[in-house]
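Dear colleague,

Please find below the structure that I am handing over to you, together with its sequence. My notes on what was found in it follow directly after.

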Amino acid sequence: MKQLVKTLFTAFANGLVAFSRACGHQAWLMFLFMFGLCLALWLPTLAYAQTRLSDIQGNWAQSCIEQLAQQQIIRGYPDGHFQPDSPVTRAEFAAMLGQAFPNAPEIRTGGKFADVPTRHWASQAIRQAYQTGFLAGYPGGLFQPNQPIPRVQALVSLASGLKYVPQQPAVETLTSAFEDANTIPNYSQGAIATAVENQLVVNYPNVQTFNPNQNASRAEIAAFLCQATQTAELIPSQYIAKVETQVPNSAQAELRGVWLTNIDSQVLFSTQGITNAIQRLDQLNMNYSDLLR
């Protein structure tokens with residue numbers, strides 16, 4: 001194989017030299033210009049062809065998958081398929097995280113696992129995902145790179161790596177958003193609640209069913225990553241879990257008030273008069289007053 005490549009390269013180089021001698025300097029420059037133009041036109045076409053995946057047409061996450069493929073955050077298979085319903089391993093997810101968040105700051109050292117040798121194809125991505133706080137290992141120094149990642153783990157990973165903090169009580173958020181909130185593991189409730197608040201959680205086809213322990217599909221992982229990285233609305237809104245922001249009771253209370261002035265009134269001319277006025281306003285359910293003198 002090496003000899004064949006060497007032979008082809010030598011023949012190509014000899015051909016260029018012969019072309020230059022036969023046609024002169026200007027013809028050589030024209031050839032280089034035309035070659036560069038063809039290359040410029042060919043490369044975008046090739047890149048676009050690589051993002052065209054034959055098995056996602058009509059898929060609920062098609063726009064998202066195509067966008068991420070164009071950005072090389074995710075990739076299809078050599079046969080042109082994406083396999084949107086297939087599971088995602090922890091190693092594959094680590095690789096996707098590295099592509100989606102290449103500038104994530106490191107918050108800890110380490111990331112070597114007994115079951116991820118240096119020669120493993122995703123060893124660097126796994127170490128990066130660990131050091132940036134997106135992923136952690138299992139007891140015994142294991143990572144289990146070939147284990148399919150459940151939906152709950154993928155979303156905990158994103159919420160943790162992006163440093164989200166819940167704004168409302170986690171249990172209230174989860175019970176409001178999901179019919180199966182009682183199946184969400186205790187360790188993950190805070191992270192999943194903040195993932196909901198930041199609209200990372202995508203549930204297809206029923207937005208109120210979370211299925212936390214179900215293995216995440218490639219389409220679902222793509223949807224989570226789109227919600228975390230894209231500004232464009234690529235996921236149909238009916239599949240994005242949301243909760244209504246709770247308005248504090250004090251803001252919901254009716255504001256009823258009155259001005260107290262010294263115009264045609266003696267109420268402000270003595271301490272007892274002001275005290276009597278305030279007590280009377282309280283009896284009338286006035287909760288605000290402004291003294292104007």
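Helices (H or I, at least four residues) and strands (E, at least two) are DSSP runs, numbered from the N terminus. Just after helix α4, G133 adopts a positive phi of about 85°. Please note that this is a predicted model, in which local features need pLDDT of at least 70 and side-chain atom pairs count only at pLDDT 80 or more, while totals for chains, interfaces and linings use all residues. Residues are numbered from 1 along each chain as its sequence is written, and side-chain values use heavy atoms, with hydrogens and water left out.

To stay with α4, its buried residues (under 20% relative accessible area, with a 1.4 Å probe and protein chains only) are S123, A125, I126, A129 and Q131. What covers these residues includes α3, where contact means heavy atoms within 4.5 Å.

A pocket here is an open set of points on a 1 Å grid over the protein atoms alone, where a 1.4 Å probe fits, with protein on both sides within 12 Å along at least five of seven lines; lining residues have an atom within 4 Å of a point. The volume, meaning the space filled by probe spheres set on the points, is about 290 Å³ for the largest pocket. Its lining comprises 15 residues, of which R75, E92, A95, M96 and W121 are the closest to the centre. The elements giving two or more residues to this lining are α3 (90-100) and α4 (123-131), and α3 supplies the largest share, 5 residues.

Next comes the disulfide, that is, a pair of cysteine sulfur atoms within 2.5 Å. The count is 1: C64 and C226 are joined, with their sulfur atoms 2.1 Å apart. The pair links distant parts of the chain, as C64 lies in helix α2 (residues 62-70) and C226 in helix α8 (residues 218-229), 162 residues apart. The link of C64 and C226 is right-handed, with 110° about the S-S bond, and both C64 and C226 are buried.

R151 pairs with E220, the closest N and O atoms being 3.1 Å apart. Here too distant parts of the chain are linked: R151 is in helix α5 (residues 151-161) and E220 in helix α8, 69 residues apart. R151 counts as buried because its relative accessibility is 2%, and E220 is buried at 7%.

Yours sincerely

Methods
Buried < 20%, exposed > 50% of the residue type's maximum accessible area, 1.4 Å probe, protein only. Salt bridge = Lys/Arg side-chain N within 4 Å of Asp/Glu carboxyl O.
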